Amino acid sequence: MEIKTARRGPQGKESSVFDRLGAGRGGHLNNSSNKICKFWLSGRCLKNPCRFAHSETPDVATIHRPRQTPYYPRSSNALVSNTWRRAPRNSQNVQEKVVNHKSSENVPRKSESDLEDIKKKSPESISESSSEYSFVENDSNLENVVEEKPLEHVPTKTAERVCEFWVQGTCVYGDQCPYLHSWFRGDKFKRLAELQGHNKAVNGIALPLRCNKLCSGSSDGTIRLWDCHTGQCANVINLGGEVGSVCSEGPWLFVGMPNVVKVWNTESGAEYSLNGPVGQVNALESVNDLLFAGVEDGVILAWKGTCKSNLTFQLAATLKGHTHGITSLVVGGGNRLYSGSKDHTIRVWDHENWQCIMALNGHDDVVKSLMCWDKYLFSGSLDCTIKVWASTDDGSLEVIYTHSEEQGILALSGMTDPDVKPILYCSCSDKSVHLYELPTFTDRGRLFAKQEVQTLQIGPAGLFFTGDQTGLLTVYTWLAD
């Protein structure tokens, strides 16, 4: 019978325990077969040394060496410059480096005095040789706008979300739970009521003038009228088709649906159907005696009527230019209508001569929401950015600031708090609504929901409303000092 003897090391010594475990000083298994000892696996091997391996660890030669430098995931928090700057002049596509800070103190104004204040606050972000609005001349200069902090200084974000077990009533950690036990975070406002009734996404909220009812439209094909005093549902109107948008002007209520816009006068009870849209009406906007409807086929229809009588609305214009569906409409100063679209563009229209004045190409994804504030236009997109547009000397619009979020933007709205400070509401696809104080984008709080909030609406006396995809309509209110 063949006798096999255990081999010894080069110096005639027995293999150490470390060597036999395969992770010793040399890091290699001291046998040629690399077979695992079945007796060692069962805890019964008595041989020392054993010609079979006493480890399941592979040869270190097959293991990737650790990185020599620490790995840090890409973080938008590595950006330090937060000065509102004008984008480079590019007629084809307005693009600029993203400046991402949720809290900023350096927002340029239009006047010289305001610019001096900015320089005092952040002298390192604006060079002494900069022009009145700190123009960025070319892409090479943009590299100086976006600077990265050393990796060791990158702040670590803490998870901010509602505890799922608290929602179900089963969280046992109480105050020690690392997640929120509340549907909102912030001061000077509170959650007032929940209006439950819709069983699909709320796509529009409106408060007609001189009406004590809150109106909500949903993908479930209904309009619900809520008593503003009791919070109870006073009436349900079954329309038989998905409600894509809702708005009001005076006592008039407008509801966008597939291929039609429904109109009600809440005082007289008069009802109209405005035909002409081809596809779902996803956006409505009204001003004075004009009603605009943004349709899925990329067309904007305009009707002219009156809010003082029951006269029928007449089709006044058909605005064509977008190549994909309209997602947002807002009327600004100077007879301007702004439209956002799935084609990633914003178009500016003169609603007196019905001409397209310009097309803005700053976003890389669907433009979901538009909002006018002071002299600025805000646009929110699924590309995770909010862009602030301002007029130039020649009358065109260009991006002067970009605020970045971690998730896509779904809706924008704004109002003033009890201290008359402007507050921006920004709904994101992470099932939350961020509150920012303008113009600095200072964090003021956050609202949370079970599903994405598609609709934001401002009400009187400090009230504001959210509508999410579960069909829940939530009422919040600011608290006076």
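Student: In which strand is Ser379 found?

Tutor: Helices (H or I, at least four residues) and strands (E, at least two) are DSSP runs, numbered from the N terminus. Ser379 belongs to strand β18. Please note that this is a predicted model, in which local features need pLDDT of at least 70 and side-chain atom pairs count only at pLDDT 80 or more, while totals for chains, interfaces and linings use all residues. Residues are numbered from 1 along each chain as its sequence is written, and side-chain values use heavy atoms, with hydrogens and water left out.

Student: Is Ser379 buried or exposed?

Tutor: Buried means under 20% relative accessible area, exposed over 50%, and partly exposed in between (1.4 Å probe, protein chains only). Ser379 has 0% relative accessibility and counts as buried.

Student: Which side chains does a polar contact join to that of Ser379?

Tutor: A polar contact is a pair of N or O atoms within 3.5 Å; within protein, one must be able to donate a hydrogen and the other to accept it, and residues adjacent in sequence count only if both atoms are side-chain atoms. The side chain of Ser379 has such a contact of 2.7 Å with that of His363, and another of 2.9 Å with that of Trp389. Contact in general means heavy atoms within 4.5 Å. Beyond its neighbours within four places in sequence, Ser379 is in contact with several residues, including Ile346, Val367, Thr385 and Leu412.

Student: What is the order of the strands in the open sheet that holds β18?

Tutor: Two strands pair if DSSP finds at least two bridges between them. Here four strands form an open sheet in the order β17-β18-β19-β20, and the pairing is antiparallel. At the edges are β17 (367-373) and β20 (397-404), each of which pairs on one side only.

Student: How many bridges join β18 and β19?

Tutor: Strand β18 (residues 376-381) pairs with strand β19 (residues 385-391) over four bridges, in the antiparallel sense. Within this pair, Phe378 stands opposite Val388 of β19. In a regular strand the side chains alternate between the two faces of the sheet.

Student: What do β25 and β26 form?

Tutor: They form a hairpin with four residues between the strands, and Ala461 in the turn has a positive phi of about 55°. Five bridges join β25 to strand β26 (residues 463-468), and the two run antiparallel. Thr455 stands opposite Gly467, and Gln457 stands opposite Phe465.

Student: How many disulfides are there?

Tutor: A disulfide is a covalent bond between the sulfur atoms of two cysteines. The rule applied here is a pair of cysteine sulfur atoms within 2.5 Å, and the count comes to zero. Cys211 is in no disulfide, as the nearest cysteine sulfur, that of Cys215, is 5.7 Å away. Cys211 is partly exposed, with a relative accessible area of 25%. For Cys384, the closest cysteine sulfur is that of Cys428, at 8.1 Å, which is too far for a bond. Cys384 counts as buried at 19% relative accessibility.

Student: What is the average pLDDT of the protein chain?

Tutor: pLDDT is the predictor's confidence in each residue, from 0 to 100. The chain averages 76, and 70% of the residues score at least 70. Over residues 1-33 the pLDDT is below 50, and it stays under 50 over residues 57-158. Where pLDDT is low, the predicted coordinates should not be read in detail.

Student: How many helices and strands does the protein chain have?

Tutor: The secondary structure comes to five helices and 27 strands. Of the 481 residues of the chain, 47% count as buried.
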